[in-house]
Structure formats: C-alpha cells, structure tokens
Amino acid sequence: MTFTTEQRTKIRETVLRVGNAPRVTNINFSINVGIAVPRTVRVIAVPEVIVDIHPDWRGFLYFVYEDEIVIVDPNTYRIVAVLDV
C-alpha cells in the first residue's frame, strides 16, 4: 500500500510519535505478509487515522517494529500489511 506524503506524515505523527503504540524490539519471526505473529506479541486495534485511509483495516490489530507499522488479522494473527511510514 502506498501513501501520500501527507498521509505518511499524519500517520507518523499520530501513531509512531504518540507513544502508546505497542513497540516490539526483539522478534523471532520475520516481518512479512502472511507470517503468523506469536500470541505473546502485544497488539492493539488499528488507530482511526489509518482506518480513515484504509477502511478495510477496521477491527484489525497492529504493532510497531522499528519504523514499520505491522497490521495483523485479528482472527489468524497473520501479518496482512507492513507499512513503512
């Protein structure tokens, strides 16, 4: 998925800089679409700023790894998107 510069800035400012995003530092799985995320990884609901841009992700979960926002399917815990913002 590609974002405009304005969307990237908005996501960075509201998701990455706010501080309440669940950040993961040490992982033992790859950050790629289709990979199952261990249930021990803390994930929370995708924030409204991202849902506004991509409504299909309403109800999905996410975590942050380095500067990437990782979107996770709530049913399968598989990665559905990796956003490099």
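Buried means under 20% relative accessible area, exposed over 50%, and partly exposed in between (1.4 Å probe, protein chains only). Helices (H or I, at least four residues) and strands (E, at least two) are DSSP runs, numbered from the N terminus. This is a predicted model: local features need pLDDT of at least 70, side-chain atom pairs count only at pLDDT 80 or more, and totals for chains, interfaces and linings use all residues. Residues are numbered from 1 along each chain as its sequence is written, and side-chain values use heavy atoms, leaving out hydrogens and water.

**Exercise 1.** Find which residues of H1 are buried, and which exposed residues its opposite face carries.

*Solution.* 
- Step 1. Ile11, Val15 and Leu16 are buried in H1.
- Step 2. Seen down the axis, these buried residues fall within an arc of 70 degrees (directions from the helix axis to the C-beta atoms), so they line one face of the helix.
- Step 3. Thr5 and Glu6 are exposed, on the face of H1 turned away from the buried side.

**Exercise 2.** Check the span of helix H1 (residues 5-16).

*Solution.* 
- Step 1. The expected span is 1.5 Å times one less than the number of residues.

**Exercise 3.** Find which side chains meet in a salt bridge (a side-chain nitrogen of Lys or Arg within 4 Å of a carboxyl oxygen of Asp or Glu).

*Solution.* 
- Step 1. Glutamate 48 and arginine 58 meet, at 3.3 Å from N to O.
- Step 2. Glutamate 48 lies in helix H2 (residues 48-53) and arginine 58 in the loop between H2 and strand S3 (61-65), so the pair ties together parts 10 residues apart in sequence.
- Step 3. The count is 1 salt bridge.
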